[in-house]
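Please keep the sequence and the coordinates in view while reading.

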Amino acid sequence: MKFDVVDTKNAKVGDIELDDSVFGAVVREHLFWEVVRMERANQRRGTHSTKTVSEVKGSGAKPYKQKGTGRARHGSNYAMNMRGGGVVFGPRPRDYSYSVPKKVVDQAIRCALSLRAEQGKLRVVQGWKPSSPKTKEARTVLAALDTEKPLVVDLDANENLALSVRNLAKANFISVEELTVYDLLDHAELVISEDAVARLNERYHIELSRKERELREANNA
């Protein structure tokens with residue numbers, strides 16, 4: 001499908017062909033839940049830990065004599081019912097990461113890109129390649145593009161753009177190779193370069209199945 005290309009002042013300078021299978025897919029929201037849950041779980045360090053009875057340090061002496069105090073009998077300060085004692089069934093270091101099929105992740109990214117295009121929250125920008133890192137200029141460009149919380153997507157080679165955007169409070173830069181579903185959904189707008197569009201068209205292009213074509217026709221009817 002054809003899509004407008006604008007410059008850094010939000011003036012139309014041409015058109016670009018967006019792959020229908022990448023930017024025009026039928027949005028399946030359940031894929032967002034599956035993939036974002038995996039992405040967030042894989043980011044957990046899992047270093048939480050509590051001490052068991054055997055790990056608590058201190059004196060091993062009996063806290064008080066067995067009889068005559070009127071209190072319950074205790075043989076150790078390490079017991080779980082004692083202040084400062086061990087913890088039973090507490091959190092221990094563990095690995096939370098898991099994976100879902102690669103095809104599911106790819107389809108979720110297609111759905112997220114298609115959702116932003118469908119909502120009119122997609123901007124394809126031409127020629128945004130700063131000669132040096134300039135946060136003020138990046139803020140001006142994003143304001144001209146009428147964005148509030150944008151995700152800027154470009155190639156790794158555009159390092160000056162990444163450095164220009166990283167100090168902005170509500171904006172974020174991510175290379176097209178590291179694009180995730182969580183990042184796409186966490187930002188209200190998507191600002192993407194022509195080079196990044198070409199890479200996405202190449203990376204995520206698929207032949208639409210008969211069922212997919214029927215769903216698209218039904219949605220467009």
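Serine 175 lies in strand β5, which spans residues 172-175; strands (E, at least two residues) and helices (H or I, at least four) are DSSP runs numbered from the N terminus. The model is a predicted one, in which local features need pLDDT of at least 70 and side-chain atom pairs count only at pLDDT 80 or more, whereas totals for chains, interfaces and linings use all residues. Residues are numbered from 1 along each chain as its sequence is written, and side-chain values use heavy atoms, with hydrogens and water left out.

The relative accessible area of serine 175 is 3%, so this residue is classed as buried (under 20% relative accessible area, with exposed over 50% and partly exposed in between; 1.4 Å probe, protein chains only). Beyond its neighbours within four places in sequence, serine 175 is in contact (heavy atoms within 4.5 Å) with Val153, Asp154 and Asp156. With aspartate 156 there is also a side-chain to side-chain polar contact of 3.2 Å. A polar contact is a pair of N or O atoms within 3.5 Å; within protein, one must be able to donate a hydrogen and the other to accept it, and residues adjacent in sequence count only if both atoms are side-chain atoms.

Aspartate 19 lies between β2 (12-17) and α1 (20-23), and is buried because its relative accessible area is 16%. Its side chain forms a polar contact of 2.6 Å with the side chain of histidine 205. Apart from residues up to four places away in sequence, aspartate 19 touches Gly24, Asn201 and His205.

Turning to the whole chain, the secondary structure consists of 8 helices and 6 strands. Their order along the sequence is β-β-α-α-α-β-α-β-α-β-α-β-α-α. Among the contacts with a separation of 6 or more, 70% are between residues 24 or more positions apart. Of the 221 residues, 39% are buried.

How does the extent of the chain compare with that of a compact globule? The radius of gyration, taken over C-alpha atoms, is 27 Å, while a compact globule of 221 residues would have a value near 17 Å; the globule rule is 2.2 Å times the number of residues to the power 0.38. Along the principal axes, the C-alpha atoms fill a box of roughly 90 × 50 × 25 Å.
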